[in-house]
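Please keep the sequence and the model in view while reading.

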Amino acid sequence: YVFQIYLHYTDSKEFSIQKNNQVTSVYIPEKINKEYDKKYYKRAAQLVFCHFHNLANYIVHANMPDQLYMAEEMVKLFNCPLVYTLHFMENYYSYFDQITGYNRDIDITGDVLMKAMLAKADHIICVTRFSHRTIVEQYKIESSKVSVIYNGLEFIDELSNDPQILKIQYGFLTEERILWYAGKLETRKG
């Protein structure tokens, strides 16, 4: 079962929940004042907890560093692990220079939220081996806490329409569920 939480939702001024098959979307309205306030994330997490505290086996999954404070509050309330997907490296060129031997000090101070998210996550997913290496070497995260899941496959003109044949063809077990991703590929993603 999947819960999607939309923070700073602007289409409504009220907290709302919509269910669609196996996905529940939770909409938390934007604050009246735009100033940063950790209390917003704490209250948002408490609202979610009030409605879903009876469910078990949670995993909080964050996609962007700015979700850190909501993720922290959710992990506290639900007593569950945090998984973070690192889609791109904020300081890509500094990392590349350091790893390739260019003699310049590496700048990993640029994204405080990303560093904090990497440190707090129970597991990290990244999209390239370069990102994995950078997380391990520059941020000193244990390699066992980091997995690489690549962004996708090259385009193939003719594919079988039979999902079982496709699973076998690409090395999956026939009973496995597969999640496909379509997204933006950029150099800064490593």
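In this predicted model, the axes of helix H1 (residues 38–52) and helix H2 (residues 68–78) come within 8 Å and cross at roughly 40 degrees. Axes are lines fitted to C-alpha atoms, for helices over the stretch in contact, and angles run from 0 to 180 degrees between N-to-C directions. Helices (H or I, at least four residues) and strands (E, at least two) are DSSP runs, numbered from the N terminus. The angle makes H1 oblique to H2. Angles under 35 degrees count as roughly parallel, over 145 as roughly antiparallel, 65 to 115 as roughly perpendicular and the rest as oblique.

H1 passes H2 in a right-handed crossing. A crossing is right-handed if the near helix is turned clockwise from the far one by less than a right angle, and left-handed if anticlockwise. On the H1 side, the contact is made by Lys-38, Tyr-41, Lys-42, Ala-44, Ala-45, Gln-46, Val-48, Phe-49 and Phe-52. On the H2 side, Tyr-69, Met-70, Glu-73, Met-74, Leu-77 and Phe-78 take part. Contact means heavy atoms within 4.5 Å. By type, the residues of the contact of H1 with H2 divide into 11 nonpolar, 1 polar and 3 charged. Here Ala, Val, Leu, Ile, Met, Phe, Trp, Tyr, Cys and Pro count as nonpolar, Asp, Glu, Lys and Arg as charged, and the others, Gly among them, as polar.

H2 also packs against helix H4 (residues 112–120): the axes of H2 and H4 come within 10 Å and cross at roughly 25 degrees. H2 and H4 are therefore roughly parallel to each other, and H2 passes H4 in a left-handed crossing. Leu-68, Tyr-69 and Glu-72 of H2 meet Leu-113, Ala-116, Met-117 and Lys-120 of H4 in this contact. The residues of the contact of H2 with H4 comprise 5 nonpolar, no polar and 2 charged.

Residues are numbered from 1 along each chain as its sequence is written. Because the model is predicted, local features need pLDDT of at least 70 and side-chain atom pairs count only at pLDDT 80 or more, while totals for chains, interfaces and linings use all residues; side-chain values use heavy atoms, with hydrogens and water left out.

Next comes the chain as a whole. The protein chain has 6 helices and 7 strands, and their order along the sequence is β-β-β-α-β-α-β-α-α-β-α-β-α. Of its 190 residues, 33% count as buried. Buried means under 20% relative accessible area, exposed over 50%, and partly exposed in between (1.4 Å probe, protein chains only). The accessible surface of the protein chain comes to about 13,100 Å², and 52% of this belongs to carbon and sulfur atoms. These areas come from the Shrake-Rupley method with a 1.4 Å probe; for residues, only the protein chains shown count as cover. Among contacts between residues at least 6 apart in sequence, 45% join residues at least 24 apart.

Helix H5 (129–139) has a set of buried residues: Phe-130, Ser-131, His-132, Thr-134, Ile-135, Gln-138 and Tyr-139. Just after H5, Lys-140 takes a positive phi of about 60 degrees. Asn-21, in the loop between strand E2 (16–20) and strand E3 (23–29), has a positive phi near 55 degrees and is not a glycine. At 70% relative accessibility, Asn-21 counts as exposed. Asn-79 lies in the loop between H2 and strand E5 (82–86), and its phi is positive at about 50 degrees although it is not a glycine. Asn-79 is exposed as well, with 72% relative accessibility.

| Pair | Separation in sequence | C-alpha to C-alpha distance |
|---|---|---|
| Lys-145 and Ala-121 | 24 residues | 8.5 Å |
| Glu-176 and Gln-164 | 12 residues | 9.8 Å |
| Leu-47 and Val-26 | 21 residues | 9.7 Å |

Lys-145 is in the loop between H5 and strand E7 (146–148) and is partly exposed, with a relative accessible area of 21%. Not counting residues up to four places away in sequence, Lys-145 touches Ala-119, Ala-121, Asp-122, His-123 and Ile-124. Glu-176 is in the segment after helix H6 (163–169), and its relative accessible area of 33% makes Glu-176 partly exposed. Leu-47 belongs to helix H1 and is partly exposed, with a relative accessible area of 33%.
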